[in-house]
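This briefing sets out the local and overall features of the structure shown below. The points that follow are grouped by topic.

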Amino acid sequence: MSMLALTFDDGPDPDWTPRLLEVLGAAGARATFFPIAPRAAAHPEVIARIVTEGHQIGLHCHEHVRHSQRSLAWGRRDTARALELLSSLGVHPTLWRTPWGDTAAWSDQVAGEHQLRITGWTVDTHDWRGDGADEMFRSTRADLRAGAVVLAHDGIGPGARRADARETVTYTRMVSEHAAGAGLELGPVE
């Protein structure tokens, strides 16, 4: 079976991440979560559930800012702080999705220092804008195929124009139904 990767940034959210996990569980799907480290530390029970249910957790950040606007020294501090918090939760990431997918000349160097692989996405839901699930599905459906990496958000990050992740949960259900019909397995980033 061919793999379609689902990824979720900016969580965990104590209300919406568990609802998303229910949808993933019902579909027999696994995903990759890229939490903001202080939010992960604030909701260790949600992180524990993500791990227990077989999902992958990658590094996102400690402070959600663009790498291109910061120095190498800042990048090293932010990465170390985030990894330390995640480690205290028993999480040891190998993947790193930088905030907004933005990188600086130093990003690869810091990734190498921590044996991390920077990863992006090929399908953007733009769920942070508050788009409806039907609209997101229509705009991404043609790209939901083997090898694709879908970007969505289980948390409300900086710049979000939505109050909750309700439409993301509905969109995920729609993608899981689409994947089942298309012979695709929903899984983490490989």
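Asp102 is found in the loop between β4 (95-96) and α5 (107-113); helices (H or I, at least four residues) and strands (E, at least two) are DSSP runs, numbered from the N terminus. The model is predicted: local features need pLDDT of at least 70, side-chain atom pairs count only at pLDDT 80 or more, and totals for chains, interfaces and linings use all residues. Residues are numbered from 1 along each chain as its sequence is written, and side-chain values use heavy atoms, with hydrogens and water left out.

**Asp102 and its surroundings**

- Asp102 counts as buried because its relative accessibility is 16%; buried means under 20% relative accessible area, exposed over 50%, and partly exposed in between (1.4 Å probe, protein chains only).
- Apart from residues up to four places away in sequence, Asp102 touches Arg66, His67 and Ser68, where contact means heavy atoms within 4.5 Å.
- A polar atom of the Asp102 side chain lies 3.0 Å from the backbone nitrogen of His67.
- A polar atom of the Asp102 side chain also lies 2.7 Å from the backbone nitrogen of Ser68.
- Asp102 and Phe33 are separated by 69 residues in sequence and by 18 Å in space, C-alpha to C-alpha.

**The loop between β1 and α1**

- Pro12 is found in the loop between β1 (2-9) and α1 (16-27).
- The peptide bond that joins Gly11 and Pro12 is cis, with omega about -5°.
- Asp10 has its place in the loop between β1 and α1.
- The phi of Asp10 is near 75°, a positive value in a residue other than glycine.
- With a relative accessible area of 5%, Asp10 is buried.

- His64 lies in the loop between β3 (56-57) and α4 (72-88).
- His64 counts as buried because its relative accessibility is 11%.
- The side chains of His64 and Asp10 make a polar contact (3.1 Å). A polar contact is a pair of N or O atoms within 3.5 Å; within protein, one must be able to donate a hydrogen and the other to accept it, and residues adjacent in sequence count only if both atoms are side-chain atoms.
- The His64 side chain also makes a polar contact with the side chain of His60 (3.3 Å).
- When neighbours within four places in sequence are left aside, His64 is in contact with Asp10, Ile36, Pro99, Trp100 and Pro158.

- Gln115 lies in the loop between α5 and β5 (117-118).
- Although Gln115 is not a glycine, its phi is positive, at about 55°.
- Gln115 counts as exposed, at 62% relative accessibility.
- Thr119 lies in the loop between β5 and β6 (123-124).
- Thr119 counts as buried, at 12% relative accessibility.
- Not counting residues up to four places away in sequence, Thr119 touches Phe34, Leu95, Trp96, Arg97 and Val189.

**Ala73 in helix α4**

- Ala73 has its place in helix α4.
- The relative accessible area of Ala73 is 41%, so this residue is partly exposed.
- Ala73 and Trp106 are 33 residues apart along the chain, and their C-alpha atoms are separated by 9.3 Å.

**The chain as a whole**

- Seven helices and eight strands make up the helix and strand count of the chain.
- A compact globule of 190 residues would have a radius of gyration near 16 Å, and the 16 Å of the chain agrees with this; the radius is taken over C-alpha atoms, and the globule rule is 2.2 Å times the number of residues to the power 0.38.
- The C-alpha trace spans about 45 × 35 × 30 Å along its principal axes.
- Of the 190 residues, 51% count as buried.
- Among contacts in the chain with a separation of 6 or more, 77% are accounted for by residues 24 or more positions apart.
- The chain exposes about 8500 Å², of which carbon and sulfur atoms supply 48%; accessible areas come from the Shrake-Rupley method with a 1.4 Å probe, and for residues only the protein chains shown count as cover.
- There are 19 positive and 25 negative side chains, and the centres of the two sets lie 2 Å apart. Lys and Arg count as positive and Asp and Glu as negative, whereas His and the chain ends are not counted; the place of a charge is taken as NZ of Lys, CZ of Arg, CG of Asp or CD of Glu.
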